[in-house]
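Start with the view below.

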Amino acid sequence: MDNNSPYLHPQYETLSRDELKALQLERLKKTVKHCMNSEFYRKRFANAGLSPDDIRSLDDLRKIPFTTKQDLRDTYPFGMASVPLPQCVRLHSSSGTTGNPTVILHTQRDLDEWANAVARCLWMVGLRPDDVFQNSSGYGMFTGGLGFQYGAERLGALTVPAAAGNSLRQIKFIKDFGTTAIHAVPSYVTRLYEVMQQEGVDPRRDTKLKVLAIGAEPHSEEQRRRIEQMLGVKAYNSFGMSEMCGPGVGFECKEQNGLHFWEDYYIVEIINPETLEPVADGEIGELVLTTLNREAMPLLRYRTRDLTRVLGHSCPCGRNHIRLDRMRGRSDDMIVLRGVNIFPIQIETILMQFKELASNYLITLTTDADNDNMTVEVELEELFTDDYQRLVALEKEIKHRLKDEILLTPHVRLVPKGTLPVSEGKAVRVVDKRKVYQ
């Protein structure tokens with residue numbers, strides 16, 4: 001391990017496009033054959049009239065049917081395993097509040113490769129063995145905690161498994177342990193900064209923070225820049241999902257010009273979620289991922305429901321792994337209001353452009369007199385109780401800007417800071433109270 005090298009795994013990170021494709025094809029063929037150990041994929045291939053020998057090129061991947069979250073639920077708990085259960089050493093699972101949870105199995109090799117991928121991400125943004133990494137993320141079934149924990153340990157950093165919440169303790173750890181890097185969801189970072197202000201802690205003066213890894217919930221570029229300004233650090237966008245192991249699937253480099261998705265681990269497709277056909281580079285579509293280096297439970301053409309677009313394939317950092325835009329929301333999180341498709345991230349992007357507004361907001365959908373309406377509540381950075389005209393003008397401008405973006409005029413309520421609920425985990429941004437007519 002060369003601490004002066006910008007690459008933790010140069011043999012994979014610096015591959016040319018042709019070399020990456022050759023490696024992907026080699027691993028794809030091996031993965032498809034390995035999937036035949038899964039009862040689910042044996043039946044799926046048989047029903048499609050496919051054989052592993054039919055996958056001779058990367059283009060042949062499109063012959064394979066998509067895998068969905070419902071498939072994981074239907075085969076609960078272990079119906080998609082490609083190895084005998086005694087070979088597995090861990091599982092992660094979703095909450096399953098609306099039916100069977102999804103279960104993902106891991107062998108020891110899967111966990112080792114997962115740690116390698118996360119370590120690669122952290123190394124890419126400048127972390128080294130002499131750093132102190134504080135993980136302000138939930139542990140347990142949520143993959144963000146253990147994924148970053150083992151990745152930071154693999155890199156060699158001193159790790160602080162602080163877990164989510166308890167902001168006063170988080171701040172004490174940051175100061176006392178000399179924390180240089182933190183992982184947290186964006187909404188919690190904002191809360192952490194508010195507590196720092198209350199306690200008279202200046203993150204620039206009183207801490208050694210330099211790097212922040214953010215992810216797990218959609219956030220706008222404006223939100224990221226605001227977080228960077230608050231803490232005086234560089235905030236790098238992270239992408240992961242439990243079906244693909246967890247964090248470590250995609251990460252920004254120091255250029256902050258898109259998420260590098262590690263193509264030695266995954267094949268990336270962007271499709272139209274309605275037609276299921278590929279979209280052109282630069283066009284927004286649904287992200288589809290195929291695992292290339294998994295033993296216990298490889299997934300072929302998994303529909304993530306996340307919406308993004310291809311930004312490019314080369315980068316000044318020297319890596320040629322595909323670069324994707326930040327997630328624009330999810331195809332299944334889309335709000336349909338009066339026939340208009342709206343994503344919460346569109347609303348956040350507008351709100352974060354107003355310096356008078358804080359970061360916490362809530363979108364509520366209601367039915368009034370048989371008409372569906374949207375109310376956007378957003379906290380003020382400061383109170384204007386003595387300037388009613390300024391408050392009215394600000395509300396009017398926000399409505400105008402939102403209408404230009406989402407093509408509808410929502411109700412806007414400006415509320416004092418601290419009014420809206422604060423979550424220690426992923427922020428709840430949308431509450432749908434509309435009537436459903438059968």
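Axes here are lines fitted to C-alpha atoms, for helices over the stretch in contact, and angles run from 0 to 180 degrees between N-to-C directions. The model is predicted.

**Helix pairs**

| Pair | Residues | Axes come within | Crossing angle |
|---|---|---|---|
| H7 and H8 | 167–176 and 186–198 | 10 Å | roughly 80 degrees |
| H5 and H6 | 108–124 and 143–155 | 7 Å | roughly 75 degrees |

Angles of 65 to 115 degrees count as roughly perpendicular. H7 and H8 are therefore roughly perpendicular to each other. From H7, the contact uses Ser167, Leu168, Gln170, Ile171 and Ile174; H8 supplies Tyr188, Arg191, Leu192, Val195 and Met196. By class, these residues are seven nonpolar, two polar and one charged.

H5 and H6 are likewise roughly perpendicular to each other. Residues of H5 in their contact include Asp112, Trp114, Leu122 and Trp123, while those of H6 include Phe148, Tyr150, Arg154 and Leu155. This contact divides into 10 nonpolar, four polar and two charged residues.

**Nonpolar cores**

The largest nonpolar core holds 70 residues. Leu122, Phe239, Phe251, Phe261, Leu287 and Leu289 touch the most other members. H5 gives this core its largest share, nine residues. Apart from this core lies another, of 24 residues, including Ile350, Tyr361, Leu365 and Met374.

What does Phe261 touch, not counting residues up to four places away in sequence? Its contacts are Phe239, Val249, Gly250, Val268, Leu287, Leu289, His321, Ile322, Leu324 and Met327. In soluble globular proteins, nonpolar side chains tend to be buried together.

Notes:
Residues are numbered from 1 along each chain as its sequence is written. Side-chain values use heavy atoms; hydrogens and water are left out. A nonpolar core is a set of buried Ala, Val, Leu, Ile, Met, Phe, Trp, Tyr and Cys residues joined through side-chain atoms within 4.5 Å. Buried means under 20% relative accessible area, exposed over 50%, partly exposed in between (1.4 Å probe, protein chains only). Helices (H or I, at least four residues) and strands (E, at least two) are DSSP runs, numbered from the N terminus. Contact means heavy atoms within 4.5 Å. Angles under 35 degrees count as roughly parallel, over 145 as roughly antiparallel, 65 to 115 as roughly perpendicular and the rest as oblique. Ala, Val, Leu, Ile, Met, Phe, Trp, Tyr, Cys and Pro count as nonpolar, Asp, Glu, Lys and Arg as charged, and the others, Gly among them, as polar.
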